[in-house]
Amino acid sequence: MQIIIEGAGEVGSHLAKMLSNEANDITVIDCDADRLARLRSAADVVTMTGSLSSIKVLRDAGVENADLFIAVNPAESQDVNIVSALLAKRLGCRRVCARINDEEYLSYDNKFLFTEMGIDMMFYPEKIAAGEITEILKRTASTDSMDFARGKLQLAVFKLEDDSPVMDMKISEFAAAMGVPFRVVCIQRDNVTMMPKFDTRLRYHDLVFIITTRDGIGPMMDFLGKTNVEIRNVMILGASAVGEMVANGICRQVETVKVIDSDRRRCMELSENTDDNVLVVNGDGRNSDFLQEENIRDFDAFVAVTGNDEANILACVVAKRFGVGKTVAEVENIEYIRLAEEMGVDTVINKKLITAAKIFKMTLSNKVRFVKYMSGTDAEILEYIVAPDSIITRKALKDTDFPKEAIVGGIIRGNESMIAVGDTVIEPYDRVVVFALPKAVKEVDRMFR
C-alpha cells in the first residue's frame, strides 16, 4: 500500500515506523528537515521537505496514486491538516484522514459536512484519550479492560502479584480450576509479548490478558482476588485539553472531581467550562505536601494528564502511596510506558498508540471493525465481521493454518457469545475478536477477507 504522511511530529513519526514495518511504501512530508533526518535514521521511509499544503509537493510525493493520505501536522493550528487532506483527495488519493484539535468538527452535522467534502476520517487524539480514561474509571479491578458487543465479551488485564492464586500454574491448570469459560490470549513478561500455550506457566509480575463472557468476568475477578472499587471522587492533575474532557466526561457519574494545575489563567478558564461539581484548584500537584492539603487520601482515583511524562508517572506513584485505589497516567514517550507500569501506575494512556490504531484500521480490509493497542503489550486487538467464503470459515480452528503469532479469543454470534477453542467452527457474519502480534496482522486479515 502506498501511504503519504503529512507531518513528522511524534504521531506522524510513530505511524511511519509502524506502517513501514507492514511492508507499506511510505513517504513523509514535513517542512522541518531536522525532524525528517531523525525519522530517516529510525525507519525505512522516503522523506520530502516542503510546505505541507503545497500542491506541487503533494504531486511530487505521488499523491495521485496513493492509497492513503494521513495529515498529522503537529502544529498548534491544525487547519493545514484539513486543507492538505482535501487537496490530496481532489488530486486523486483513494482515502484521506486528518488530525484535528477542534471538538466542534466532530459534531454529527459538521462531521457529515467534512465527509461530503471528501475527508474519510478525522481524529482528535486528546478526545480519544479522554474517552479511554473515562471508560477506565468505570472499572478498577484490572489494569485495563474492554467490552465487545456491549459487554457480551470482555477483555481484562491482570498483573500477577506474589499472592496470586494462579502463580506458577499452567494455563491448563488455571482453566481446570475455573468454572467459567475463558481464554488467556496474551502474556507480557519481561518486555516480551507471548502468545501462550496450554502448558505455559504463569509467573510473578506477568501481565495476563484474559477474554471471557459477561457471566464469566465476575467469577474470574473473584478467583483472582480482585474487587471493583467504587469510584466516587476523582482527582485530576493537569488542566490540559485531556484533563478538561475527562472532568466533563465523568462529572455526572461521580460525586466530586477536583482538577489541579499550576497555571492560574488556565484554572480560571477551566472553572468556567466545567460542571458545578468540578472543583478547580491552582497549585503544584507534584508537591506531596500540597496533595495532602488537598485531601488526596479521600480520593478513589487519580489521573495525571499534564504535558510532562515524568511528572505524570511520579505523581501517580505518590498517589498510590497515599492509598488511592486507581491511578492513570498519560505517558507519550513509549519507552516510559513499561517503566511506569513497573513503578506501580495502574493504567498508562498513550495518544500515539490510540491514534495509530484508528489509522491502522484503514490499511486493513473492510471486514475489520475495530483495532486497538493496549498499553503494556506489543500485540493488537482486532474485531472482525466474518465474510462468507473466507478462509477462516472452511475448517475448525485447530485445522486452519492460523498464524502462530495470533489467537482467536472469542466469538459473538447473534445474541450468543462464546470463547473460541480448537473445535470451534467460525461462521459467516460472526463477530470475532483476535489478538495478534504486528507481524501476523496482515496474514490474519487475509483469512477474514
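Reader: Which residues are exposed on the other side of H10?

Author: This is a predicted model. In it, Arg264, Arg265 and Glu272 are exposed on that other side of H10.

Reader: And which residues of H10 are buried?

Author: In helix H10, which spans residues 264-273, the buried residues are Arg266, Cys267 and Leu270. They lie on the same side of H10 because they cover an arc of only 100° around the axis.

Reader: What caps the N-terminal end of H10?

Author: Asp263 does: one of its side-chain oxygens is 3.0 Å from the backbone nitrogen of Arg265.

Reader: Let us turn to the sheet with S14 in it. What is the strand order?

Author: The order is S14-S13-S12-S15-S16-S17, an open sheet of 6 strands with parallel pairing. S14 and strand S17 (347-349) are the edge strands, and each of them pairs on one side only. From one strand to the next, the twist averages 15°.

Reader: Where does H10 touch that sheet?

Author: H10 packs on the sheet through contacts with S13 and S14, and its direction makes about 170° with that of S14.

Reader: What about S12: is the strand mostly covered or open?

Author: Strand S12, residues 233-237, is mostly covered, with 5 of its 5 residues buried. On one side are Asn233, Met235 and Leu237, on the other Val234 and Ile236, and both faces are covered. As a general point, side chains in a regular strand alternate between the two faces of the sheet.

Reader: How many bridges join S12 to S13?

Author: There are 5 bridges between S12 and strand S13 (residues 256-261), and the two strands run parallel. Within this pairing, Leu237 stands opposite Ile260 of S13.

Reader: Which unit do S12, H9 and S13 make?

Author: Together with helix H9 (residues 241-250), S12 and S13 make a β-α-β unit that is right-handed.

Reader: And how many bridges pair S12 with S15?

Author: S12 pairs with strand S15 (residues 301-304) over 4 bridges, in the parallel sense. Val234 has Ala301 of S15 as its bridge partner.

Reader: Changing topic: what is the order in the sheet that contains S1?

Author: That open sheet has 6 strands in the order S3-S2-S1-S4-S5-S6, with parallel pairing. Its edge strands, each pairing on one side only, are strand S3 (46-49) and strand S6 (121-123). The average twist from one strand to the next is 15°.

Reader: Which residue stands opposite Phe69?

Author: Phe69 faces Val96 in S5. The strands concerned are S4 (residues 68-71) and S5 (residues 95-99), which run parallel and are joined by 4 bridges.

Reader: Which strands does H4 lie across?

Author: Helix H4, residues 79-90, lies across strand S1 (2-6), S4, S5 and S6. H4 runs at about 175° to S5.

Reader: Next, Ile354. Where is this residue found, and is it buried or exposed?

Author: Ile354 is found in helix H14, residues 351-360. Ile354 counts as buried because its relative accessibility is 12%, and the cut-off for buried is under 20%.

Reader: What is Ile354 in contact with, leaving aside its neighbours within four places in sequence?

Author: With those neighbours left aside, Ile354 is in contact with Ile128, Ala129, Glu132 and Ile349.

Reader: Finally, the backbone angles. What is phi of His205, and what is phi of Asn295?

Author: His205 has a phi near 70°, a positive value in a residue other than glycine. For Asn295 phi is near 60°, again positive in a residue other than glycine. Most residues other than glycine have a negative phi.

Reader: Where are these two residues?

Author: His205 is in the loop between strand S10 (192-194) and strand S11 (207-213). Asn295 lies in the loop between helix H11 (288-293) and S15.

Reader: Why does each count as partly exposed?

Author: His205 counts as partly exposed because its relative accessibility is 36%. Asn295 counts as partly exposed because its value is 42%.

Definitions and conventions. Residues numbered from 1 in each chain as written. Predicted model: local features only at pLDDT ≥ 70, side-chain atom pairs only at ≥ 80, totals over all residues. Heavy atoms only, no water. Buried < 20%, exposed > 50% of the residue type's maximum accessible area, 1.4 Å probe, protein only. Pairing = 2+ DSSP bridges. Right-handed = clockwise from strand over helix to strand, strands pointing away. Axes fitted to C-alpha atoms, helices over the stretch in contact; angles between N-to-C directions. Contact = heavy atoms within 4.5 Å. Arc of directions from axis to C-beta. Polar contact = N/O pair within 3.5 Å; in protein donor to acceptor, adjacent residues only side chain to side chain.
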